[in-house]
Every structure is written in C-alpha cells, then in structure tokens.
Amino acid sequence: MDAAKKDCILLQAARAFARFGFKKASIDEIAREAGVGKGTVYLAAESKEDLFYQVLHREVRAWQAECARVIDPRVPAPELLRKLLATAMDYVQKHPLVLDLLQGETLRTMPDWADRLEELRAIGRQNVIEVLRIGIRQKAFRPELEVETVASLLQDFQLATYPQNKTRGDFEVQERVRVGLDLVLHGLSASPA
C-alpha cells in the first residue's frame, strides 16, 4: 500500500475515533471517508484494534515532534520545562486521543493492549527526559535525579493540572500548569532567609 493512501486512512480513522470513540467508530465509515474500500483499510491494519493503535502511535509521534521544537539546550532548563509543558498541554487539548491515552481512558477500552499503550506513554515522556538531562548538565537540576521516574511523575502531574471541567478556558489551563510547575521546581517550603 502506498504511503499517501495509508496516511489518508489513518487521518480519517483518527477523526472517527476522536469523534465517536473506539467502540462506535465504524470501519465502513472510515473507508468511505478515506475514499477506499473496507478491504483496503484491512490492508493498512490487521484489525480495528491495530488501526486504533496505529492512529494513537501517529498522534503521539506528532505530539512528541511538536514538543521537541521548543527544546533548545541554550535556554535555562526551568524555562525549557515551562515551554515544554505549555506546548504539550496545548497539543493535548486539541487532540483528544492523546489525552484519553494519557488519562487512562484508552487502557479501559483496550486492557489487553496495556504494554503497548504504556510504550506510547513512554514516547511522550522522551522530551521531558531530554529537558531533565539538559537541566542536570546546566547544573539547574540535581545530578542524582532518576530522570525516567521523574519524567513519569511529571507526566502524571501534568495530567493532574488538566482540569476535569473541559469547558475551562486556555488561560486557566495555562495558569494551572504555571502554578503546578512552580510547585515542582520550588516545592512548598519557604526560601531560607
């Protein structure tokens, strides 16, 4: 199958899954919107689950690429982390499949795919790991940080800053990210006199 046709199928599948969810999205509808036969969809993916996974993988890679654009090792690491989290949150707000993956909704839908879904979450942490390592090299962050674990915690913390009420405005989300990151970087303790 040529790459353009497969890309079109994945794009239409992403739209269908985002609009209807995994269970209600129809392979027939995806094929119709992509301008291909149902059999062609099954040439691109061996099952509906595999198609969904490919869509998620594509979305996570696009998220990672978008976030990677803000990483500049010449910028102080705390500022990089702020920019990275703001970019990540902005992307997630516009891409519900990534948000569902990160919040565990996808795992509830596809529990047999737990290991593969965790691999996708790990892809999403790679930029945070890079910024943490930059911060260690800049001596802005402690050298003994367990970067993999800290990146995982920051990913979870990032999700905790995302409001459950999705009608809140962008400013409120950005403010929650700002305050949450300040808490991570400076803790709760008062600075010594």
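How much space lies in the largest cavity? About 70 Å³, and the sections below show where that space sits in the chain.

## About this model

This is a predicted model, in which local features need pLDDT of at least 70, side-chain atom pairs count only at pLDDT 80 or more, and totals for chains, interfaces and linings use all residues. Residues are numbered from 1 along each chain as its sequence is written, and side-chain values use heavy atoms, with hydrogens and water left out.

## The overall fold

Let's start with the whole chain. The protein chain has ten helices and zero strands; these are DSSP runs numbered from the N terminus, with helices being H or I of at least four residues and strands E of at least two. Along its principal axes, the C-alpha trace spans about 70 × 35 × 30 Å.

Of the 193 residues, 41% are buried, where buried means under 20% relative accessible area, exposed over 50% and partly exposed in between (1.4 Å probe, protein chains only).

## The largest cavity

Rolling a probe the size of a water molecule over the atoms shows where empty space is left. On a 1 Å grid over the protein atoms alone, a cavity is a set of points where a 1.4 Å probe fits but cannot get out, while a pocket is an open set with protein on both sides within 12 Å along at least five of seven lines; lining residues have an atom within 4 Å of a point. Grid points are joined across faces, edges and corners, and a volume is the space filled by probe spheres set on the points.

The structure holds two cavities of 30 Å³ or more. Residues lining the largest cavity include Trp 63, Cys 67, Asn 127 and Gln 155. Helix 8 (114-137) provides the largest share of this lining, three residues. By class, the lining has five nonpolar, four polar and no charged residues. Here Ala, Val, Leu, Ile, Met, Phe, Trp, Tyr, Cys and Pro count as nonpolar, Asp, Glu, Lys and Arg as charged, and the others, Gly among them, as polar.

## The largest pocket

Now for the open space: the largest pocket holds about 240 Å³. Among its lining residues are Leu 81, Phe 141, Arg 142 and Val 184. Helix 9 (147-161) gives the most to this lining, with three residues. Nine of the lining residues are nonpolar, none is polar and one is charged.

Cys 67, which lines the largest cavity, is buried at 3% relative accessibility. Cys 8 is partly exposed, with a relative accessible area of 27%.
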